[in-house]
Amino acid sequence: AHYLVELKYGRNGDDPIYATLELLSYYLIIKINHQALDEKKVWHRNRKAEFNWSSFAPPGAVLAVAANEDYWEKYLEQSDYSLKKSAAFFREVVKEYGVNLKFFRFANLKPVSDACNRETKRYCSELAAYEWCELSLD
């Protein structure tokens, strides 16, 4: 399966519901435009290898919101936050497209890695963590 992942970091990150909506938007854009994206070779400048956007378009793709522990703690500790109900709703929505929706957490990482600009201290989307744990939001 191919994973399309929305990465979030820290306690100031966007709400998981908003992250899921972003991910669904990206998926629909890819689903509609995958042939043009492949033909024009549209990729992020930091990609590790070439790939085909078409592989994300058919049924079987996995949409994932992944974030560090601080991010999830912020939202899961709020008793009035309806993340579990929203996750169930979004899982039903994505079933209509033949894809799965998953949520993952990974260890808290420093926002600066060797691949990032140390002068600006900007966070970048490259992660050194390879151990992601799936969250059960049922």
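This is a predicted model: local features need pLDDT of at least 70, side-chain atom pairs count only at pLDDT 80 or more; totals for chains, interfaces and linings use all residues.
Biologist: Which residues of helix α2 are buried, and how are they arranged around the helix?

Modeller: Helix α2 covers residues 69–76. Seen down the axis of α2, its buried residues fall within an arc of 90°, so they line one face of the helix. In general, an α-helix has 3.6 residues a turn, so residues three or four places apart point the same way. The buried residues on that face of α2 are Tyr71, Trp72 and Tyr75.

Biologist: Which elements do the buried residues of α2 pack against?

Modeller: The partners of these buried residues include two helices, α1 (16–39) and α3 (83–95). Strands also take part in the packing, and they are β1 (3–8), β2 (62–68) and β3 (100–106).

Biologist: Which residues are linked with Lys8 in a network of salt bridges?

Modeller: Lys8 forms a salt bridge with Glu6, in which the closest N and O atoms are 3.1 Å apart, and both Lys8 and Glu6 are buried. Lys8 also meets the side chain of Glu22 in a salt bridge, at 3.0 Å from N to O, and this pair links distant parts of the chain, with Glu22 in helix α1 and Lys8 in strand β1, 14 residues apart. Glu22, like Lys8, is buried. The residues linked with Lys8 in the network are therefore Glu6 and Glu22, given that a salt bridge needs a side-chain nitrogen of Lys or Arg within 4 Å of a carboxyl oxygen of Asp or Glu.

Biologist: Are Arg105 and Glu69, which meet in a salt bridge, buried or partly exposed?

Modeller: The side chains of Arg105 and Glu69 meet at 3.5 Å from N to O, and the pair links distant parts of the chain, Arg105 lying in strand β3 and Glu69 in helix α2, 36 residues apart. Arg105 has a relative accessible area of 31%, while the value for Glu69 is 29%. Buried would require under 20% and exposed over 50%, so Arg105 and Glu69 are both partly exposed.

Biologist: How many salt bridges does the structure hold?

Modeller: Those described above are Lys8 with Glu6, Glu22 with Lys8, and Arg105 with Glu69. The number held by the structure is three.

Conventions. Residues are numbered from 1 along each chain as its sequence is written. Side-chain values use heavy atoms; hydrogens and water are left out. Buried means under 20% relative accessible area, exposed over 50%, partly exposed in between (1.4 Å probe, protein chains only). Helices (H or I, at least four residues) and strands (E, at least two) are DSSP runs, numbered from the N terminus. The arc is that of the directions from the helix axis to the C-beta atoms. Contact means heavy atoms within 4.5 Å.
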